[in-house]
Amino acid sequence: MHLMALILTLGLLWPVGPPIPEVLRGWQPPPGPYAAGHRGVDLAAPPGTAVVAPVAGTVTFAGPVGGRGVLTLALPHSGTPPLRTTFGPVTPLVRTGTRVAAGTPVARVAPGTHCPVACLHWGLLRGDRYLNPLLLTPRGPSRLLPVGG
């Protein structure tokens with residue numbers, strides 16, 4: 001299934017909010033697998049903010065990576081290999097193997113971020129390929145603007 005068609009069928013939520021969080025740093029894909037880049041987006045969120053499952057899925061990892069808490073959620077029916085969304089730094093509220101419904105609190109934002117202010121780093125992968133997680137967010141209808149002044 002094409003990624004955009006898949007996203008329309010999943011009906012995803014923002015992982016923090018409402019209101020819709022400010023995007024502090026956007027997705028900047030690296031030119032190669034080991035090159036510098038920003039493999040996700042940073043959403044403004046103070047420590048303690050609830051992180052919810054943006055879609056129903058299965059927690060495939062909940063624990064420390066490099067001294068910071070991370071949670072990974074596999075999205076069912078999203079192709080092969082399935083899409084996985086990641087969150088950090090967090091304190092997981094659920095264990096690996098837990099199935100969750102969309103909107104279920106799965107973690108809390110933890111202190112110790114790489115942002116200038118507190119944030120949640122949100123990633124999206126298919127296999128080992130990083131994608132822009134903002135593709136998962138709900139969007140309003142497109143509007144055409146008149147040409148000219």
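Which residues lie nearest the centre of the largest pocket? They are V70, T86, F87, G88 and H121, among 14 lining residues. This is a predicted model, in which local features need pLDDT of at least 70 and side-chain atom pairs count only at pLDDT 80 or more, while totals for chains, interfaces and linings use all residues. Residues are numbered from 1 along each chain as its sequence is written, and side-chain values use heavy atoms, with hydrogens and water left out.

**Overall build**

- The protein chain has one helix and 11 strands. Helices (H or I, at least four residues) and strands (E, at least two) are DSSP runs, numbered from the N terminus.
- Along the sequence the order is α-β-β-β-β-β-β-β-β-β-β-β.
- Of the 149 residues in the protein chain, 39% are buried. Buried means under 20% relative accessible area, exposed over 50%, and partly exposed in between, with a 1.4 Å probe and protein chains only.
- Contact means heavy atoms within 4.5 Å. Among contacts in the protein chain with a separation of 6 or more, 59% join residues 24 or more positions apart.

**Largest pocket**

- A pocket is found on a 1 Å grid over the protein atoms alone; it is an open set of points where a 1.4 Å probe fits, with protein on both sides within 12 Å along at least five of seven lines. Lining residues have an atom within 4 Å of a point.
- The volume of the largest pocket is about 220 Å³. Volume here is the space filled by probe spheres set on the points, with grid points joined across faces, edges and corners.
- Strands β5 (68-74), β6 (83-88) and β10 (119-126) are the elements that each give two or more residues to the lining of the largest pocket.
- That lining divides into six nonpolar, six polar and two charged residues. Ala, Val, Leu, Ile, Met, Phe, Trp, Tyr, Cys and Pro count as nonpolar, Asp, Glu, Lys and Arg as charged, and the others, Gly among them, as polar.

**Nonpolar core**

- The largest nonpolar core has 27 residues. Such a core is a set of buried Ala, Val, Leu, Ile, Met, Phe, Trp, Tyr and Cys residues joined through side-chain atoms within 4.5 Å.
- V51, L71, F87, V90, V106, L120 and W122 have the most contacts inside the largest core. At least two residues of this core come from each of β2, β5, β6, β9 (105-109) and β10.
- F87 also lies among the residues nearest the pocket centre. Beyond four places in sequence, F87 is in contact with P15, V51, P54, G69, V70, L71, L120, H121 and W122.

**The loop between β1 and β2**

- H38 sits in the loop between β1 (23-25) and β2 (41-44). H38 is buried, at 4% relative accessible area.
- The side chains of H38 and D42 make a polar contact at 3.2 Å. A polar contact is a pair of N or O atoms within 3.5 Å; within protein, one must be able to donate a hydrogen and the other to accept it, and residues adjacent in sequence count only if both atoms are side-chain atoms.
- Leaving aside neighbours within four places in sequence, H38 is in contact with R25, G26, W27, Q28, P29, H114 and H121.
- R39 is in the loop between β1 and β2. Its side chain reaches the backbone oxygen of A35 at 2.7 Å.
- R39 and W27 are 12 residues apart in sequence, with a C-alpha to C-alpha distance of 6.0 Å.
- Outside four places in sequence, the contacts of R39 include W27, H121 and Y130.

**Backbone geometry**

- The G17 to P18 peptide bond is cis, with omega near 10°. P18 and P19 are also joined by a cis peptide bond, with omega about 0°.
- P18 lies in the loop between α1 (3-10) and β1, and P19 is in the loop between α1 and β1.
- H77, in the loop between β5 and β6, has a positive phi of about 55° although it is not a glycine. H77 is exposed, at 76% relative accessible area.

**Two further sites**

- F61 is in strand β4 (residues 57-65). F61 is partly exposed, at 32% relative accessible area.
- N132 is in the segment after β11 (129-131). A polar atom of the N132 side chain lies 2.9 Å from the backbone nitrogen of L134.
- N132 touches W27, V41 and L124, leaving out residues up to four places away in sequence.
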